[in-house]
Amino acid sequence: MFLQSSSSKKFDHMKRSGDYFVIVVEDLNLGKIVATATLIVEHKFIHGCAKRGRIEEVVVSDECRGKQLGKLLLSVLTLLSKKLDCYKVTLECKPKNVAFYEKFGYVASDETYMQSRFCD
């Protein structure tokens with residue numbers, strides 16, 4: 001995977017912070033990345049600076065769906081958040097993906113996700 005100069009600098013910043021954990025699965029036969037997911041660890045002031053894990057960007061390429069890669073990514077990041085002493089780990093998903101995440105013990109929350117976008 002090729003990172004442009006500005007993207008490379010941003011990625012280096014993520015690595016240095018120690019709060020970003022990016023998992024990448026590469027298919028050596030295809031010579032490309034086929035799955036990825038990210039765990040971001042936040043320090044929550046209102047919880048005594050305790051750590052909260054947030055799983056984002058769980059993506060598996062179309063040609064590799066059904067090979068348990070999503071299960072692998074989610075399992076690893078869930079266990080990592082526990083190992084890092086996060087008091088909870090959360091993720092956002094589309095309604096069509098809820099059943100998948102429920103298999104791993106994730107449940108819907110009463111919290112409402114809202115956003116304000118600054119670019120397309």
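Visitor: Is Phe11 buried, partly exposed or exposed, and what is its relative accessibility?
Guide: In this predicted model, Phe11 has a relative accessibility of 31%. Buried means under 20% and exposed over 50%, so Phe11 counts as partly exposed, at 31%.

Visitor: Which helix holds Phe11?
Guide: The residue lies in a helix that covers residues 5-17. That helix is α1.

Visitor: Which residues form the nonpolar patch on the surface, and what accessible area do they have together?
Guide: Phe11 belongs to this patch, and residues of a patch need over 30% relative accessible area.

Visitor: Which strand gives the most to the nonpolar patch?
Guide: The strand in question spans residues 20-27 and gives three residues to the patch. The strand is β1.

Visitor: Which element of the chain has the lowest mean pLDDT, and which the highest?
Guide: The chain averages a pLDDT of 89, and 96% of the residues score at least 70. Among the elements, the lowest mean, 79, belongs to α1. The highest mean, 96, belongs to the helix of residues 69-83, which is α2.

Visitor: How many aromatic pairs does a search of the whole structure find, and why is the pair of Phe100 and Tyr101 edge-to-face?
Guide: The search finds two aromatic pairs. The ring centres of Phe100 and Tyr101 are 5.1 Å apart, with the planes at 80 degrees. Planes over 60 degrees apart count as edge-to-face, so the angle that assigns this pair to edge-to-face is 80 degrees.

Visitor: What are the distance and the angle between the rings of Phe100 and Phe104?
Guide: Phe100 and Phe104 also form an edge-to-face pair. Ring pairs link Phe100, Tyr101 and Phe104 into a cluster. For Phe100 and Phe104, the values are 5.2 Å centre to centre and 65 degrees between the planes.

Visitor: Which side chain forms a polar contact with that of Thr38?
Guide: Thr38 is placed in strand β2, residues 32-44. Its relative accessible area is 5%, so Thr38 is buried. Its side chain makes a polar contact of 3.4 Å with the side chain of Glu57.

How values were computed: Residues are numbered from 1 along each chain as its sequence is written. Side-chain values use heavy atoms; hydrogens and water are left out. Patches are made of residues with over 30% relative accessible area and no salt bridge: like charges are joined within 9 Å, nonpolar side chains (Val, Leu, Ile, Met, Phe, Trp, Tyr) within 5 Å. Accessible areas come from the Shrake-Rupley method with a 1.4 Å probe; for residues, only the protein chains shown count as cover. A salt bridge is a side-chain nitrogen of Lys or Arg within 4 Å of a carboxyl oxygen of Asp or Glu. Helices (H or I, at least four residues) and strands (E, at least two) are DSSP runs, numbered from the N terminus. Buried means under 20% relative accessible area, exposed over 50%, partly exposed in between (1.4 Å probe, protein chains only). Rings of Phe, Tyr and Trp (its six-membered ring) pair if their centres lie within 6.5 Å; planes under 30 degrees apart count as stacked, over 60 as edge-to-face and the rest as tilted. pLDDT is the predictor's confidence in each residue, from 0 to 100. A polar contact is a pair of N or O atoms within 3.5 Å; within protein, one must be able to donate a hydrogen and the other to accept it, and residues adjacent in sequence count only if both atoms are side-chain atoms.
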